[in-house]
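Open the model in your viewer and keep the selection panel at hand. The tour below goes stop by stop, saying what to select and what is found there.

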Amino acid sequence: MSHYIDVIIPLPLERLFAYRVTAAEADFLEPGMRVAVPFGKSKIYTGIVHHIHQSPPLNYEVKDIELIVDELPTVTKDQLKFWEWIATYYVCSIGQVMRAALPKSLLLESETIILKNPDTEVNDDFLDDKQFLIMEALLHRPALKVKEVMDILDRKSVLPILKKMLEQEWIILQEEVYSTYKPKTVKYIFLNKRYKDEEQLKNLLDDMTRAPKQRDTVMSLFMLQTGNKLVTSKLLQDRAGVSRATIKALIDKNIFIEEEQAIDRVLDEKEQGSELFELQPAQQEALNEIREQFAAGKTTLLHGVTSSGKTEIYVRLIQEQLELGNQVLYLLPEIALTTQLISRLKHYFKHQVLVYHSRYNLNERLEVWNHVIENKEPYVIVGARSAILLPFQNVKLIIVDEEHETSFKQFDPDPRYHARDAAVVLGHMKIADVLLGSATPSLESYYNTTLGKYGLVELKERYGKVLMPEIQIIDIKDKHKRKKMKGHFSDSLIEQMQEAFKNNNQVILFQNRRGYAPILECNTCGNAPQCPNCDVSLTFHQYKKQLRCHYCGYHTIVPPECPSCSSTSLDTKGFGTQQIEEEFKELFPDLKIARMDLDTTRGKNSIEKIIEQIDTGEVHCLVGTQMLTKGLDFRNVSLVGVLSADTMLNFPDFRAHERCFHLLTQVSGRAGRTAERGKVLIQSYNPEHQILQQVSTYDYGAMFKDQLEDRYQFKYPPYQRLIRLTFKNRDYNTTLQAGQWFVNALNQIEHGVEVLGPEFPAVARVRNLYQVHVIVKMGKQHHPNTIKDYIRKVKRSFESIKGFNSVRCNVDVDCY
């Protein structure tokens with residue numbers, strides 16, 4: 001009887017593929033193990049074993065596997081179940097979930113190797129110049145990779161040349177599977193064993209009187225190695241005050257022995273953690289309520305005002321689980337946030353803290369993966385949304401901090417999952433407690449507490465009974481009229497900043513747009529430079545004297561004159577963080593300002609450096625985008641200035657008002673986090689706006705009630721579910737026709753489901769691809785799985801139509 005395995009392949013394919021294995025391999029293999037399998041004509045992929053069976057597939061020829069990569073499963077059975085849920089719920093393939101979940105080092109990929117055919121004699125007269133160069137290179141090297149051939153010929157399209165050479169049988173191609181993981185190694189220095197004897201060591205030192213540096217180095221190593229401590233070459237050089245050459249000379253004489261050992265990139269040395277802070281009565285009460293909700297088996301929402309000490313409550317819950325030997329997952333929306341939090345958690349839990357996010361390199365991510373699956377010790381795993389996909393063995397607590405944040409939603413590429421919603425499902429699967437925390441909960445989560453789906457715990461006072469910051473709204477229309485504006489700063493804001501600096505306090509300025517100005521415009525003809533690839537104007541960046549597109553990354557120099565009318569009268573419209581930074585330097589030339597936005601935080605440790613500068617008081621003012629708003633804890637900030645609240649209010653999105661409330665309340669919460677009461681100044685052309693009034697009185701309840709009423713009227717979540725289909729193509733008409741075809745097919749769905757579109761979004765072209773949106777709205781009475789299955793079926797038909805095979809169709813479930 002033949003044995004078969006069904007394998008998940010990391011490609012956007014709807015189904016699993018069967019491969020033949022021997023009886024011995026079938027006995028050895030388990031679900032979750034990696035196998036290298038051939039796919040297509042010559043490619044080899046890493047697949048994950050889904051299950052083992054004995055029924056051969058009927059509609060295709062079954063191949064044998066190439067090799068078994070693992071001795072133990074790399075993916076757990078629960079994880080496979082979770083992947084299946086993500087693929088089903090978010091209408092994508094399990095292969096796409098696998099590609100998103102696995103660190104790249106585990107996805108062994110095949111690479112084509114080019115070899116000289118030993119059985120064929122090649123006459124140089126038959127070769128053209130390019131072929132001659134390839135054959136010449138193969139004389140000096142046993143094999144070449146396709147990338148190396150590209151470099152030799154200095155051209156991208158080398159496959160036609162290789163194909164011709166293959167047909168002539170001058171070369172042969174071979175697929176080689178390679179792994180990208182390299183362990184981090186450190187060189188340690190040891191004294192040769194024969195000098196462990198005191199007599200021998202004494203004789204050695206006596207013989208070295210003519211080489212005092214080497215003698216001192218031997219003595220230094222002897223002193224450092226007491227207590228079996230490992231000594232690195234760098235440490236020995238520093239302690240003995242010698243160069244690497246001295247140590248090398250001692251190694252050559254066989255007095256020292258140098259050994260290379262692999263070390264852990266992500267774990268600290270084992271140490272005892274510090275004692276926890278004493279909780280205040282309000283915090284203790286909230287903690288007891290959370291435990292009660294957990295005992296009733298409910299996902300719980302902790303609604304605690306900014307600076308109320310939510311993290312201390314999380315720390316208590318984490319400690320309880322770690323003492324029981326369980327894993328804890330702590331999700332954060334932004335990598336910027338992990339910096340401050342990790343130092344706090346390491347203060348308490350030392351080596352038991354693991355970090356996982358996209359700024360980590362491939363090797364670091366693989367090491368975290370291995371620690372989580374091996375589960376030798378209980379860890380708290382801190383990470384951004386991708387950490388939800390780790391192979392947890394016994395996670396018993398999941399904390400989603402700042403749960404209202406849109407960064408938890410993956411928008412591109414598939415799977416387009418929401419980490420908060422996925423965390424709730426993972427909690428049910430793993431029978432783990434789930435705690436959502438926020439000062440401004442999302443409407444959906446708060447609505448679930450009113451239905452009794454989630455438990456609600458409220459923390460209404462700040463830690464140490466510090467007062468909430470005083471919020472003042474400034475009418476900049478009036479200030480402009482009365483000539484009381486200096487650039488984008490009102491006189492009131494400048495006055496309060498001077499006051500803060502006089503008292504040695506720091507200031508945060510918030511402007512939710514990076515760059516210098518969103519538009520550079522000609523005053524003569526009104527022309528504004530546009531991105532050639534997208535339907536947006538280019539943003540002016542002052543420092544690099546560049547115009548940049550924030551959608552596709554295109555950049556160009558600032559033209560000295562208008563390309564349309566040759567006028568030199570070019571002016572900027574609107575303002576971004578760079579312009580605020582420049583204006584601040586003019587107003588306060590003696591003070592230091594730092595900027596926190598996507599442009600200044602691209603490097604791995606750039607965020608840490610900015611936060612450290614604020615904490616040490618090196619920087620007086622911090623200007624930034626919404627990165628600033630997310631739970632950062634600055635002790636000395638007494639004033640927050642919002643330079644323009646209107647851009648957030650007038651955004652074409654049904655969540656614009658809710659998000660504006662979240663952002664302004666969160667950024668206000670950065671002020672006055674210690675004894676002194678903070679101040680917040682919000683500049684707006686529309687100070688009477690209902691949302692701004694609600695922000696100024698911290699009235700979350702009124703905002704929730706108003707927004708819920710609007711959502712009910714206009715059939716939006718949480719009353720209806722949304723699925724957005726996006727069609728992308730280089731041709732305008734093809735994109736529109738594809739959307740129309742899909743809408744016609746979707747109109748056959750069950751009664752009461754609304755299909756809206758096709759409609760071009762505000763930015764209709766990005767990276768030279770036109771986009772068209774179709775929205776599917778369904779009520780609570782509809783079965784989402786039935787509708788998703790129907791969408792899958794229509795999508796399969798759509799992809800088989802010849803005219804639309806170049807149109808990309810993306811499905812985004814819960815697209816907000």
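How many cavities of 30 Å³ or more does a search of the whole structure find? There are three in this predicted model.

**Stop 1: the largest cavity**

Select Thr76, Asp78, Gln79, Phe82, Ile388, Leu390, Phe392, Leu426 and Lys430, the residues that line the largest cavity. The space inside is about 50 Å³. Now colour α2 (77–89) and α15 (419–430), the elements that each supply two or more residues to this lining. Helix α2 gives the largest share, with three residues. Colouring the lining by class shows five nonpolar, two polar and two charged residues.

**Stop 2: a pair of helices**

Next select α8, residues 212–224, and α10, residues 244–252. Their axes lie 10 Å apart, and the helices pack at an angle of about 80°. Angles of 65 to 115 degrees count as roughly perpendicular, so that description applies to α8 and α10.

Show side chains where the two helices meet. From α8, pick Lys213, Gln214, Thr217 and Val218; across from them, in α10, are Thr246, Ile247, Ala249 and Leu250. By class, this contact consists of four nonpolar residues, three polar ones and one charged one.

**Stop 3: the open sheet**

Switch to a cartoon view and find the open sheet of six strands. In order, the strands are β19-β31-β30-β22-β29-β28, and their pairing is parallel. Which strands stand at the edges? They are β19 (470–475) and β28 (593–596); each has a single partner strand, so one side of each lacks a neighbour in the sheet. On average, neighbouring strands here are turned by 20° against each other, direction ignored.

Zoom in on β19 and strand β31 (residues 679–684), which run parallel and are joined by six bridges. Within this pair, select Gln472 and look opposite: Leu681 in β31 is there.

**Stop 4: helices on the sheet**

Terms used
Residues are numbered from 1 along each chain as its sequence is written. This is a predicted model: local features need pLDDT of at least 70, side-chain atom pairs count only at pLDDT 80 or more; totals for chains, interfaces and linings use all residues. Side-chain values use heavy atoms; hydrogens and water are left out. Axes are lines fitted to C-alpha atoms, for helices over the stretch in contact, and angles run from 0 to 180 degrees between N-to-C directions. Helices (H or I, at least four residues) and strands (E, at least two) are DSSP runs, numbered from the N terminus. Angles under 35 degrees count as roughly parallel, over 145 as roughly antiparallel, 65 to 115 as roughly perpendicular and the rest as oblique. Contact means heavy atoms within 4.5 Å. Ala, Val, Leu, Ile, Met, Phe, Trp, Tyr, Cys and Pro count as nonpolar, Asp, Glu, Lys and Arg as charged, and the others, Gly among them, as polar. Two strands pair if DSSP finds at least two bridges between them. On a 1 Å grid over the protein atoms alone, a cavity is a set of points where a 1.4 Å probe fits but cannot get out, and a pocket is an open set with protein on both sides within 12 Å along at least five of seven lines; lining residues have an atom within 4 Å of a point. Grid points are joined across faces, edges and corners, and a volume is the space filled by probe spheres set on the points.
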